[in-house]
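Take a look at the protein below. Start with the whole chain, then follow the text from the sheet to single residues.

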Amino acid sequence: MTVIELPVKGDAKPPIASKGSIVAALDVGSTKFSCLIGEVVSQNRRTADGKEASALRVLGFGCQASRGTRNGAIVDLDQAERAIRLAVDAAEKMAKRTITSVYVNVAGGRPQSNSYSASVATETGQVTPRDIETATRSALAQGHQPGRRTLHTAPAQYNLDDARGITEPAGMFGTTLTAEVNVVSAEPAALRNLALVIERCHLSVADYVVAPYAAARSVLAEDEIKLGVTLLDMGGATTGVASFHDGHLVFADVIPVGGMHITHDIARGLSTTIAHAERMKTLWGSAMSTVVDDRETVAVPLLGERGVDTIYHAPKSMLTGIIRPRLEEILEMVRERLDRASFAKLAGSRVVLTGGGSELTGVREIAAQWLNRQIRLGAPLPVAGMPEAARSPAFATVYGLLNYALRPDIHHAAGVARQAMKDAEAGYLRRVGKWIADSF
């Protein structure tokens, strides 16, 4: 993703991981905790700007069933700590390396995506980098909401007088420049709890990445991000949405409904255990009915009963009849969120499905009907050393986190806040100087 670069004195350059360094990613999901450890290696070629191209090689992988989380948020520190320790230990043993920090995804804390705009009059009638900086900084300053922490900032577009949708206004003639930016934020308490449980595992948080954006970093092609695309990360208890336009993240959201809700619907509807409901969904579940569904049956052990006489056979159509309404509910919520978001309309008509929920039979066809867009299924792009057991869409987020660790974004919001602090300190020093001059 291209991010806003503000030439503020003291701002850091994009912190690209150096060759030979070790990076680690931790996916704190609602069904599993996954940890990947990778090493930055050279690709023995140069990029377009003359720099040495780098890539990742996976050294270690660990995965554990998640515990102590609900809808992407930590609800039991002790259980979550034990599960994270097991996942990280397995990855460290495989990699034969010890890690001290991890990049972690954020699905809880009610992530929100809001758009802001600010206009400035150009100084000379021709747009200069200083005009762009002033307009962008003014727009970003509006994104600091009390009680929320900014995770990502990205430009959506620029407008120059009546001309809209400009991607690079520098050098163009006009009198009024308007910058429109997108800011993704989350509640700080959820982030603190996430950091607390990770620190109890003797690790630190290198950075937070909202879950659907992390998944997009491993699944989407560069051309898709430039042309416009929306990614749906269909997880266990949440469904993440991330829209891109012209190389920028223009919308992100997380809906607290996912594949586990389908599993629970099957367990309630067929009076069976949650474990068997998950097995039925995985083996025979489908969102699309067929003409033979009424004739084919599936074995359903009754909840709390014992013995072979307590197993009855339900028609497969009953299973489909439970799965499809919940899936349609999820897609309807996604459609409503996309319709309400102004910038999401810039993402075009292409949608990529990923996450464990996207592997359900028929989900692609149902999504095409409800969203009325072109649909494709996405899996993590190949990475050297990628373990065979972690090549499915269910691991898109942890691979995206590792990719983010290689090329993290710039924290522009931090730069804006730092500049505001400098301005405040300068004002304080001026007031002190004036008080001294007036007094003596």
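**The whole protein**

The model is predicted. The protein has eleven helices and 18 strands. Of its 440 residues, 50% are buried. The protein exposes about 20900 Å². Carbon and sulfur atoms supply 52% of that area. Residues 24 or more positions apart account for 69% of them.

**A five-stranded sheet**

In what order do the strands of the open sheet stand? The order is β3-β2-β1-β6-β11, and the pairing is mixed. Strands β3 (52–65) and β11 stand at the edges. Each has a single partner strand, so one side of each is left without a neighbour in the sheet. Neighbouring strands of this sheet are turned against each other by 25 degrees on average, direction ignored.

| Strand pair | Sense | Bridges |
|---|---|---|
| β1 (residues 22–28) and β2 (residues 32–46) | antiparallel | seven bridges |
| β1 (residues 22–28) and β6 | parallel | two bridges |
| β6 and β11 (residues 204–210) | parallel | six bridges |

Alanine 25 stands opposite tyrosine 103 in β6. On the other side of the pairing list, valine 104 stands opposite tyrosine 208 in β11.

How many of the six residues of β6 are buried? Five are, and β6 (residues 101–106) is mostly covered.

**Helices on the sheet**

Helix α1 (residues 77–95) lies across β1, β2 and β3. Helix α1 runs at about 130 degrees to β3. Helix α4 (residues 211–219) also packs on the sheet, where it touches β6 and β11. The direction of α4 makes about 85 degrees with that of β11.

**Two arginines**

Arginine 130 sits in helix α2 (residues 129–141). Is arginine 130 buried or exposed? Its relative accessible area is 53%. The cut-off for exposed is over 50%, so arginine 130 counts as exposed. Its side chain makes a polar contact with the side chain of glutamate 123, at 3.2 Å. Arginine 130 and alanine 170 are 40 residues apart in sequence. In space, their C-alpha atoms are 9.4 Å apart.

Arginine 326 belongs to helix α8 (residues 316–340). Its relative accessibility is 18%. Buried means under 20%, so arginine 326 counts as buried. Which residues does arginine 326 touch, leaving out those up to four places away in sequence? They are Val257, His261, Ile262 and Asp265.

**Cysteines**

Cysteine 35 is buried, with a relative accessible area of 0%. Cysteine 201 has a value of 10% and is buried as well. How many disulfides does the protein have? The count comes to zero. A disulfide here needs a pair of cysteine sulfur atoms within 2.5 Å.

**Back to the sheet**

Strand β6 pairs with β1 over two bridges, and with β11 over six bridges. Helix α4 touches β6 too. Five of the six residues in β6 are buried.

Definitions and conventions. Residues numbered from 1 in each chain as written. Predicted model: local features only at pLDDT ≥ 70, side-chain atom pairs only at ≥ 80, totals over all residues. Heavy atoms only, no water. Buried < 20%, exposed > 50% of the residue type's maximum accessible area, 1.4 Å probe, protein only. Helix = DSSP H or I, 4+ residues; strand = E, 2+ residues; numbered from the N terminus. Pairing = 2+ DSSP bridges. Polar contact = N/O pair within 3.5 Å; in protein donor to acceptor, adjacent residues only side chain to side chain. Contact = heavy atoms within 4.5 Å. Axes fitted to C-alpha atoms, helices over the stretch in contact; angles between N-to-C directions. Areas by Shrake-Rupley, 256 points an atom, 1.4 Å probe, with all protein chains shown as cover.
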